[in-house]
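Please keep the structure open while reading.

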Amino acid sequence: MEEPTRTLSAAVREHLRQLCLREFPCGTGSWNKSRFLPQTWRTWRELTPREEEAASPGEETMEALLDLVRSPHSPWALLEGSSKEDHFLRELAIQNPLRLKDTFFYSYFKSLRMVNKHVSLVDKDLLKFTKLEELILSANRIKEIDAVNLPPTLKVLELYGNEVTSMECLCARPPPCLQHLGLGHNKLLGPLESLYVTADHWPTLVSLDLGFNNLTDLQSLIASLSTLQHLRLLVLQGNPLALVPYYRGFTIDSLSRLCVLDDITVSPNEKHLFRDLSHSGDLLPREAQFVVTIGNVRGVPDTSVLDPEPGPQGPFITYSYYVTYDFVEDEEDEGKKYGGVLAEIVSPSLIMEQLGEEFPEEVIGEAEGSLESGLTTQTQSGELEEESLVSGGSAPLPRLTDSAEELAKLRPLTDPRLCPSPGTVLFSTVRKPWAEVIPCNYEMQHTLKDLVPLKAFLLAGTTVTVVEEKVLSWPAGLPLVDASLSARKGKGEKNKKDKKGTDLNGGKEVAKDQKGSKKKKELPKDLQQDPPILRVLGSGAVVLEPLLVGEPLVSTVCNFGVIRTLESDRLTFLRDSKKPKKAKKETGKSKTKPGASEKRKSVFSMYEGDYQPEPLTVEVQIQLNQCRSAEEAIRALSL
């Protein structure tokens, strides 16, 4: 249902009514009636009150009434931010209320400010304001204006935050003396808008604000603006055309008389650096370039310490971590050029680098208790079921099957945070193994030619997500065995060996050769993998709007809070603390490594209230490429 049309004249009348110019302490009434009684010639001659005479009983003096409207603590005071005209009218309504007639209003107003009054139509009654020079109609619902209804005396016209889609309506009969035109935050779109900013329509224009619209053709717009001989102040930031690398330099060199661009003074040095860039305007590419950099990830918990020792039939479990973000889709094959990887959320992933490593020998004994209580549950029949770590709580995943339909049913429920927002593509860093500090070392250049969707994306921002990927691998050629049953069987066999006195190291079986020396278990060469189990560790928005207002770089450290636990950190430390001790035994050294005791103390201090884990953070930078000279812009053409 369409909202009713509200005219500008109706909004003006409503505004005057809200000023209460005919109510106490303004206007006439019992509070000042003796000053405005009808007078004949005789009473005028004989009964004119003198200034020194006191007011009649029950009436207020003019000074007392003025204090009521001037004092900020008075209930009759105007709201903060009211215009000077409003204050003047209130005081005039006390001093001489008989002057407040329609003819006075139409001749008095030189400035009319109707902001956020739901005005949708500028009607012809505006022409009654014979001395109007400034008209401010920001934050209304105006879609178009009939320029015939604008007073010819106007010098300033502001229409910020409306719904104007074209300047054509203003060019039918524009005010001939207009010096400032503000059309920022509207819906101007299309290359034809450059036809309506020429000297034929605005011969005296000094200041023009077209910021935060959807203008895309920089070259055509600047060619039209160059005809405005008096133009000194220009605002174009917030438009898609301002995202191209050479925007500021090309504009400055093309409009030699310009003094201020996007609220920044044009310096002589800038004019020198971008000299003659306007001659190459037709050759410059109309595209925006961004570089996304993702640095270190900190505060990731090591989930592997909670996993059981694999049995002879697996599963062999590997973990990897990566960061995703959504961005407007690049030009074709652009991602491949710079090494970007599109994140495939539900496809199996081969972690060849990790699978090629030897399976570690040390497993801390305390991990088994955490595993039994955390990762397995006892059913009524006595069987163990492995809990899924997939965000969303899907069922456990068995091995891969040959049936595509069965495989589709077994895929985990995808976390909505792992899906790109509409109109974007999800990008991810390379998967990395766990570390205290995971270096992503990711850099991707995005080159985009469709600038209007790009502006909408920057206003909405991007979402950065840290993902943990768990992959269960099985020896190839073995019959289908449930992961939980395999783990249970391996655990049972290990317990039997414990009773027979098998040599153990930290609660984990160690194999010996004929010479009695220990050797590590190695993964089978041929492995097949289950679909990856994904878990979102942290996700949050990154604001990109500063790139629209001229900032070249958005740099932030996304903080997702603490997700590490005391138990997992304790097990991780105990596991890592045994590695250097083993190295010393192999080299024949039995002395304790300096600092080991301090590390052990720090573990026990976790239980004494000093445990302060590091929050999950990721370093993110998004840079908008901007040319700093004409030579740099021209050199980019040859790349």
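The points below go from the whole protein to single elements and then to side-chain pairs.

1. Overall make-up. The model is predicted. The protein has 17 helices and 24 strands. Of its 639 residues, 43% are buried. The accessible surface is about 34800 Å², and carbon and sulfur atoms account for 53% of that. Among contacts between residues at least 6 apart in sequence, 75% join residues at least 24 apart.

2. Helix α4. This helix covers residues 84-95. At 1.5 Å a residue, its 12 residues should span 16 Å, and the end C-alpha atoms are 17 Å apart, which agrees. Its buried residues are D86, L89, R90, L92, A93 and I94. These pack against α1 (8-18), α3 (62-70) and α5 (102-108).

3. Helix α7. How many of the eight residues of α7 are buried? The number is seven, and the helix, residues 247-254, is mostly covered. The buried residues are Y247, R248, G249, F250, T251, I252 and D253. Their cover includes α6 (218-225), β6 (233-235), β7 (260-261), β8 (264-265) and α8.

4. The open sheet. Eight strands form an open sheet with mixed pairing, in the order β1-β2-β3-β4-β5-β6-β7-β8. The edge positions are held by β1 (111-113) and β8, each with a single partner strand, so one side of each has no neighbour in the sheet. Within this sheet, β5 (residues 207-209) and β6 pair in the parallel sense over three bridges. The bridge partner of S207 in β6 is L233.

5. Strand β9. Eight of the 11 residues of β9 are buried, and the strand is mostly covered. Pairing with β15 (residues 437-448) is antiparallel and runs over 10 bridges; I294 stands opposite Y442 there. Pairing with β24 (residues 617-624) is also antiparallel, over seven bridges, and R298 has T617 as its bridge partner in β24.

6. A salt bridge within a helix. The count of salt bridges comes to 12. In one of them the side chains of E14 and R17 meet at 2.6 Å, N to O. The two residues are three apart in helix α1, which means that about one helical turn separates them. E14 is partly exposed at 25% relative accessibility, while R17 is exposed at 54%.

7. R286 and D217 meet at 3.2 Å, N to O. R286 lies in the loop between α8 and β9 and D217 in the loop between β5 and α6, so the pair ties together parts 69 residues apart in sequence. R286 is partly exposed at 41% relative accessible area, whereas D217 is buried at 18%. E468 and R535 also form a salt bridge, at 3.2 Å, N to O. This pair links strand β16 (residues 462-475), where E468 lies, to strand β22 (residues 533-542), where R535 lies, 67 residues apart. E468 is buried, with 1% relative accessible area, and R535 is partly exposed, with 24%. Elsewhere, salt bridges with shared partners join E436, R564 and D569 into one network.

8. A nonpolar patch. Which residues make the nonpolar surface patch of about 270 Å²? They are L283, I634 and L637. L283 is in the loop between α8 (268-273) and β9 (288-298), and it counts as exposed because its relative accessibility is 64%.

Note on methods:
Residues are numbered from 1 along each chain as its sequence is written. This is a predicted model: local features need pLDDT of at least 70, side-chain atom pairs count only at pLDDT 80 or more; totals for chains, interfaces and linings use all residues. Side-chain values use heavy atoms; hydrogens and water are left out. Patches are made of residues with over 30% relative accessible area and no salt bridge: like charges are joined within 9 Å, nonpolar side chains (Val, Leu, Ile, Met, Phe, Trp, Tyr) within 5 Å. Accessible areas come from the Shrake-Rupley method with a 1.4 Å probe; for residues, only the protein chains shown count as cover. A salt bridge is a side-chain nitrogen of Lys or Arg within 4 Å of a carboxyl oxygen of Asp or Glu. Helices (H or I, at least four residues) and strands (E, at least two) are DSSP runs, numbered from the N terminus. Buried means under 20% relative accessible area, exposed over 50%, partly exposed in between (1.4 Å probe, protein chains only). Contact means heavy atoms within 4.5 Å. Two strands pair if DSSP finds at least two bridges between them. The expected span of a helix is 1.5 Å times one less than its number of residues.
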